[in-house]
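Biologist: I would like to learn how to read the surroundings of a ligand in a model. Please take me through one case.

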Amino acid sequence: MINYINKGKLQVAQELYEFINSEALPGNGLDTEQFWSGFEGLIHDLTPLNKKLLKTREVIQSKLNTWYRENKGNFDLDTYKLFLEKIGYLELKVEDFEIGTAGVDDEITLQAGPQLVVPVNNARYAINAANARWGSLYDALYGTDAISEEDGAQRQGGYNPVRGKKVIEFARNFLDQAAPLKDFSHKDVNSYTVADGKLNVSLSNGIKTGLKNEAKFVGYQGDQENPSAILLKNNGLHFEIQVDRNHPIGKTDKAGVKDVLLEAAVTTIIDCEDSVAAVDAEDKVLVYRNWLGLMKGNISSTFKKGDKVMIRMLNPDRRYVSPTGKELSLKGRSLLFVRNVGHLMTNSAILDQNGDEIQEGIMDAVITSLVAKHTLLGNGQYQNTEKGSIYIVKPKMHGSEEVAFANELFDRVEDLLGLERNTLKIGVMDEERRTTLNLKACIKQVKDKVVFINTGFLDRTGDEIHSSMEAGPMVRKNDMKSSKWLQGYEQSNVVAGLSCGLKDRAQIGKGMWAMPDLMADMLKQKIGHVKTGANTAWVPSPTAATLHALHYHEVDVKAVQNEKLNQSADLLEDILEIPFVKNLNWTAEEIQEELDNNCQTLLGYVVRWVDQGIGCSKVLDINNIGLMEDRATLRISSQHLANWLHHGICTKEQILATLKRMAKIVDQQNADDKEYRSMATNYEDSISFQAACDLIFEGYNQPNGYTEPILHRRRIEAKTRFAVKQ
Ligand SMILES: CC(=O)SCCNC(=O)CCNC(=O)[C@H](O)C(C)(C)COP(=O)(O)OP(=O)(O)OC[C@H]1O[C@@H](n2cnc3c(N)ncnc32)[C@H](O)[C@@H]1OP(=O)(O)O
Ligand SMILES: O=CC(=O)O
Ligand SMILES: [Mg+2]
């Protein structure tokens, strides 16, 4: 039972009401009564339009379904385009324009680097993410498969000097690439010293040298004769050579180098959306409270690691002496964005004048901005922004009308909170087909607020399947990655971004590396993102951020963007190529393998979401590779299964049998988790197992193939049942 407080015509869940009144509002320069009445007005003015936009989604999907059914597998592109134009799916072309966003922090306009994403409701991880602005290269290399275990370089056990040697060699190669010495290698260095504002380097053979480009030396810590850190800068990113001859690693190194510290997660997205399970006021308050702690800088987390109790807090800034002897301070924390939820869901934390649940996207916009206002007022220990902006990522918007709605919502929030126009900045996720196809029109709607566009290819793949559900059976999940539409989508996003003037003003971002344990592969592949002209790309962990930073040292994104500035490309036809299979030739084994894989990852994710409220998990696939699973990857697997079922590639009985078999495997995989509730003991009684069935068997009818409605419903059911049982 939710205890509601009546506030004007609103009913507000007591815990949210108290959080806002006693934690979020004080110090914010707002009058409590005015805030609540303004919030009520905003809700009642904007909810009808929000609902109308959702209705439009339904109408469009239904028109698509009918058209594909009537033209099954057999239509030419021109006819298809005409149809899409007629139903408003393809919007009118917009004239060229440039965005006018102002007051944007350097991390977005000047620096190119990794973007970390983290679930907001996990304080331990969220603080870690904010601190991931700086990461140890030695740790990232030593602790992952980035360095192979061949030739005695195993990771297991205590410190392995063979592995350590490989790490040091890798790091020296990095130094030679990012800050080369005149004629020599960092491998030959005996000591680093500072004199006359320059970095002096003595080599083992007695020769003295310096940096090829002396301007790369930007600061140091410690004595000039015996610096403990040398600060260098390449392609806009900083890194430190850390020297300590008494350190266990430093004393084995002839130059005394103990580590190389990289500026890594330049920006971080604090996620209230797809990596989070937040279904009611209790959950939402945790979300907003952690965001408040990050904005005020006073968040902390106490946890046990092994036998040790650890307290984690936000890191301070890093201080250096510049080459000219002045004090130099660099931010110790990532620039934070907050990802709000999209336009779809409602939440029982607030009921409107009709007794209906509030649109959750409206609630997020108001409360996350209210909270972030503290950083603008300097109310906390640290300030997130030096330019007076609040950065909000808006996901899952379909077409320019929905982006215009977000713009209006943000304007209204600014007015409510007494913020100057365009204080709220928006990151637009390009992750629905209707947004991809009309991206320029979408950007135009937020042209004075936009600070990023990003290819969320996971949601985008889910939408590709759902929007063309009736067109035919989709290619296997792995083959999606090489399909034409996806290549066209990735390319056209960069082209649109550059043509709208995002260079030096906003981020053009690429999607998530969803294999957190495969760092060697990431090092090989993710440089591709940078080479396409993206000035940021998503990573799932601080370690991945540190390693992905290497790519921005290797490739100068600004130069790539300059090269591409005037390139135009008409990729519409590629994007419109639907990835369905006309000539079916899968063997029974291949079909079963696909079902196994999808069912296993789906169950592995859903069981933790529904039973434990964990919104992002590393889940083993059938090849035992740990994959980052969130709601977007769940949208893909559930829609893929629904699509194959719809087209008779498999039967309901076959999927059910597969789910049951996979549930046993997932149960075993979680055997060590004391909180875990088995699915296979009683399939009918397991809310999680039933949620998985719903996601597939009711998948055809889910709005745009989203998983939230079912997950929320089933999680609320589980919370109710387990609260009663405990
Ligand atoms: C399609 C989309 O929308 S993608 C965006 C949504 N996805 C995300 O936000 C991914 C975020 N990543 C995560 O949640 C996690 O990395 C997972 C769930 C994938 C894996 O988590 P785990 O299995 O716990 O990872 P693992 O055991 O390898 O590492 C845990 C350590 O790494 C840290 N860590 C892992 N991921 C993160 C992160 N995103 N931010 C900060 N720290 C992190 C943890 O703090 C922990 O360190 P600690 O013990 O010092 O606190
Ligand atoms: O939000 C990211 C995605 O890939 O979806
Ligand atoms: Mg997404």
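Biologist: Which helix gives the most to the shell around ligand 2?

Modeller: In this predicted model, helix α13, residues 457-467, contributes 3 residues to that shell, the most of any element. The surroundings of ligand 2 include Phe457, Leu458 and Asp459, along with Gly456, Asp274, Pro395, Met429 and Glu431. Gly511, Met512 and Ala632 are also part of them.

Biologist: How does the shell around ligand 2 divide by residue class?

Modeller: Sort the residues into classes and read off the counts. For ligand 2 they are 6 nonpolar, 2 polar and 3 charged.

Biologist: Where is Glu431 found, and is Glu431 buried or exposed?

Modeller: Glu431 sits in the loop that joins β21 (424-430) to α11 (433-437). For burial, count C-beta atoms around the residue; the cut-off for buried is 20 or more others within 10 Å. Glu431 has 26 such neighbours inside 10 Å and therefore counts as buried. Beyond four places in sequence, its contacts are Pro395, Lys396, Gly456, Asp459 and Arg460.

Biologist: Which residues does Asp459 touch, leaving aside those up to four places away in sequence?

Modeller: Asp459, in helix α13, touches Lys396, Glu431, Glu432, Ala632 and Arg635. Asp459 is buried, since 28 other C-beta atoms lie within 10 Å.

Biologist: Now the other ligand. Which residues come nearest to ligand 1?

Modeller: Of the 25 residues around ligand 1, the nearest are Val117, Asn128, Ala129, Ser275 and Ala632. Two or more residues each come from β3 (115-119), α5 (123-131) and β25 (617-620). By class, this shell holds 14 nonpolar, 5 polar and 6 charged residues.

Biologist: Why does ligand 1 lie between domain 1 and domain 3?

Modeller: One asks which domains supply the shell. Domain 1 (48-133 + 267-575) and domain 3 (588-725) both give residues to the shell around ligand 1, so the ligand lies between them.

Biologist: Which domains does the assignment give, and how far apart are the centres of domain 2 and domain 3?

Modeller: The assignment for the protein chain lists domain 1 (48-133 + 267-575), domain 2 (135-263) and domain 3 (588-725). Between the C-alpha centres of domain 2 and domain 3 there are 46 Å.

Biologist: What feature does UniProt place at residues 590-691?

Modeller: The unreviewed entry has "domain: Malate synthase C-terminal" there. In the model this span is 61% helix and 8% strand, and its end C-alpha atoms are 26 Å apart.

Biologist: How far apart are Leu416 and Ser37, in sequence and in space?

Modeller: Here one sets sequence separation beside distance. The pair is 379 residues apart in sequence and 9.6 Å apart in space, C-alpha to C-alpha. Leu416 belongs to helix α10, residues 399-417. Leu416 is buried, with 20 other C-beta atoms within 10 Å. Its contacts beyond four places in sequence are Gly38, Phe39, Leu42 and Val366.

Biologist: What pLDDT does the protein chain average?

Modeller: Where pLDDT is low, predicted coordinates should not be read in detail. The protein chain averages 97, and 100% of the residues score at least 70. For the complex, the predictor gives an ipTM of 0.98 and a pTM of 0.98.

Methods. Residues numbered from 1 in each chain as written. Chains lettered and ligands numbered in written order. Predicted model: local features only at pLDDT ≥ 70, side-chain atom pairs only at ≥ 80, totals over all residues. Near = placed C-beta within 6 Å. Helix = DSSP H or I, 4+ residues; strand = E, 2+ residues; numbered from the N terminus. Nonpolar A, V, L, I, M, F, W, Y, C, P; charged D, E, K, R; others polar. Domains from an automatic or database assignment. UniProt positions renumbered as here; feature names shortened; annotations may be inferred. Buried ≥ 20, exposed ≤ 12 C-beta atoms within 10 Å, placed from the backbone. Contact = placed C-beta atoms within 7 Å. pLDDT = per-residue confidence, 0-100.
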